Amino acid sequence: MRPKIMQDVEALRGINSVKIKEAHEAGKKVVGMYCVFSPQEIALAADAITVSLCGTKQEPIEFAEKELPRNLCPLIKSSYGFAITDKCPYFYFSDVLLAETTCDGKKKMYELMAKLKPMHLMNLPQGAQGEEALAFWKNEMIRFKDFLEKQFGVEITEEKLKEAIKLMNRERSAMKRLHKLNAHKPAPLSGMDMMLAQWLKGFNVDKEAGIALVEGLITEVEEQMEKGIYAFDEKAPRILLTGCPIGSGSEKVLRILEESGASVVAFENCTGYKGLDVMVDENKEPITALAEKYLSTPCSCMTPNNGRLDLLRRLSEEYQVDGVVDLTWQACHTYNIESFTVKNYVKDTLNLPFIQIETDYSDSDEGQIRVRVEAFVETIK
Amino acid sequence: MYSVGIDVGSVAAKAVIFDGKKIVAKDIIPTGWSPKESGLFLYDKIKDSIHINDDQIKAIVGTGYGRVSLPFISKKVTEITCHGKGAHFIDPEIRTVIDIGGQDSKVIKMDENGHVIDFLMNDKCAAGTGRFLQVMAHILEIDVDDLSDIAKGAAPENINSMCTVFAESEVISLMASGASKESIAAGLLQSVCKKTYSLISKLNVEDKVFFSGGVSKNSLIKELLSERLGKEIISSDLSQFLGAIGAAVIGYEK
């Protein structure tokens, strides 16, 4: 039985697009973001609202392809398509955009997007190791802080930053607790609902209300667990989904997995657990603490990216996983290339079945994916 | 008691009846436009061929892309699992199956029990599949079954496009420049081998290797693949029925 609060979670779709408009009209500043490397805390400390921007649907891709190459990752095309067609209310109401130099495709797309709205670009180092990378990234935090102070005419104090860090840590730990419910065998929440809860939270205008909603969902799921109500039965193969980010509109592989009888219990991707793993150290000087936290994100744009393998190992153990699915978007070089390393690690070190699925947001390959996913699930059973 | 395996592929629908020991009936028909009707027609036809009725059938297992459109089956299983089981039934020493059908090509690895341990499948593109050969045979105005005979001994033209649509234009250009039908046919078969080999080489192919699917009827492809792999590739007149056999075996075991 699906938790009742999932209806409230789904209602966020409508509520948030109204709330963002109201907030904008009330003079609140909005910072639109795309990436898990974005230090939301700095924007919150500037009394701004932070929102995730749209980029998980197929519809605007054809418009993006008028300017962008077709053979580009669907996430970049969708993000850009939403921006130029003004179909994303969060983009529309954003006062500034925060971009970041993750992959080549995104950073070149951002050059075009910067013509639409004021944009600040944070430069990521190519690798996360060593003092130099951290010092460089810390300076990028300061540059972003300076940009917002100037743009919004505010002062971002250390006090404000500390408050924002505490708030975001609370949000992270609530989301983390929600994820960890599915470490239980059988899983109480479907992977589809888990994805939806986290994805919709990204558009949340009111952080406190969002945390309360997630905590309400946790309470209801825990009550269901006490009554023995679960989303899947004990025999359902337990899947760890890794790879590129997903959201509503790009959930094809997740949906097919669960329709084929698998229970997707863990999400290693950046729209899942990746950004929740490490908290910001509340006892350190805020800018340093933020730089450390965000640089620890094990994304494939970093080289090397051994942190991802370590996270996969921890999640596969904690969530008692039976198989690993690596979802990569077409033309996403970093994740597609890294898939070979992940495959070898999962098969040889974790001794788990592995499959990579490379696809895009369209439905055109649903039949073929279904064969591969069902066969993968059959090999696990 | 019997079990029936029905494999509704993109081009042909195949069915077999299994009595727990051997295959007692097999049949194949074109899938046509309706996988549901072809599946049902084939099911009735194969039952009639050995005069059995529904009471004598303990399970009907459907596989192939049309598995979702058969309302009368007791279970659906993917063709990947079925090919593993089918190959194991034909020869328990088979460890790798190369399957090239109408719209998919796959390589499947199994353990000593016929249980699939790994597999790879082409993506949504029809390159290197039976459909590719069908389209090309059509341009050359020959029957797809004759491709192998025509190509034998000819010096293959180099065909670079893997994409069915682009390869079509390439073949038309070759024809215009006066290349022979034989050498174009040889080039086409070479290109299917190249594409298949690039898929196979990602998995560590182990003996024995079995070749299944409609394209396995093409003896030259089998020869060329075996050369590239440096391994013997076996096939049988039951190759095209491998999925249906696996389905029937799974149904009987159930």
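Here are a few exercises on this predicted model, each with a worked solution.

Residues are numbered from 1 along each chain as its sequence is written, and chains are lettered from A, with ligands numbered from 1, in the order in which they are written. Because the model is predicted, local features need pLDDT of at least 70 and side-chain atom pairs count only at pLDDT 80 or more, while totals for chains, interfaces and linings use all residues; side-chain values use heavy atoms, with hydrogens and water left out.

**Exercise 1. Work out the strand order of the open sheet in chain B, and say which strands stand at its edges.**

Step 1: get the elements. Helices (H or I, at least four residues) and strands (E, at least two) are DSSP runs, numbered from the N terminus.

Step 2: pair the strands. Two strands pair if DSSP finds at least two bridges between them. E1(B) and E2(B) run antiparallel, joined by 6 bridges. Within that pair, Val8(B) stands opposite Ala13(B) of E2(B). On to the next pair: E2 (residues 12-18) and E3 (residues 23-30) of chain B are also antiparallel, with 7 bridges. Here Ala13(B) has Ile29(B) of E3(B) as its bridge partner.

Step 3: check the connection. E2(B) and E3(B) make a hairpin with 4 residues between them, and Gly20(B) in the turn has a positive phi of about 100°.

Step 4: The order in chain B is E3-E2-E1-E4-E5, an open sheet of 5 strands with mixed pairing. E3 and E5 (75-76) of chain B each have a single partner strand, so they stand at the edges and one side of each is left without a neighbour in the sheet.

**Exercise 2. Find the buried residues of helix H6 in chain A and say what they pack against.**

Step 1: list them. Buried means under 20% relative accessible area, exposed over 50%, and partly exposed in between (1.4 Å probe, protein chains only). In H6 (residues 104-113) of chain A, the buried ones are Gly105(A), Lys106(A), Met109(A), Tyr110(A) and Met113(A).

Step 2: look down the axis. The buried residues of H6(A) fall within an arc of 130°, so they line one face of the helix. That arc is taken from the directions from the helix axis to the C-beta atoms.

Step 3: name the neighbours. Contact means heavy atoms within 4.5 Å. The buried residues of H6(A) pack against helices H4 (74-85) and H5 (89-92), plus strands E3 (96-100) and E4 (119-122), of chain A.

**Exercise 3. Classify two aromatic pairs, Phe37(A) with Trp137(A) and Phe18(B) with Phe89(B).**

Step 1: set the rule. Rings of Phe, Tyr and Trp (its six-membered ring) pair if their centres lie within 6.5 Å; planes under 30 degrees apart count as stacked, over 60 as edge-to-face and the rest as tilted. A search of the whole structure gives 9 such pairs over all chains.

Step 2: take the chain A pair. The centres of Phe37(A) and Trp137(A) are 6.4 Å apart and the planes are at 85°, so this one is edge-to-face. The pair links distant parts of the chain, 100 residues apart: Phe37(A) is in the loop between E1 (30-33) and H2 (40-45), and Trp137(A) is in H7 (residues 131-152). Phe37(A) is buried at 1% relative accessible area, and Trp137(A) is buried at 0%.

Step 3: take the chain B pair. Phe18(B) and Phe89(B) are edge-to-face too, at 5.2 Å centre to centre with 90° between the planes. Phe18(B) belongs to E2 and Phe89(B) to H2 (residues 79-90) of chain B, 71 residues apart. Phe18(B) is buried at 4%, whereas Phe89(B) is partly exposed at 28%.

**Exercise 4. Describe the backbone at Pro186(A), Pro304(A), Asp47(A) and Asn351(A).**

Step 1: recall the background. Most residues other than glycine have a negative phi, and most peptide bonds are trans.

Step 2: do the prolines. The bond from Lys185(A) to Pro186(A) is cis, with omega near -5°; Pro186(A) lies in the loop between H8 (158-181) and H9 (191-201) of chain A. Thr303(A) and Pro304(A) are also joined by a cis peptide bond, omega about -5°.

Step 3: do the positive phi values. Asp47(A) has phi near 60° and is partly exposed at 43%. Asn351(A) has phi of about 55° and is exposed at 60%.
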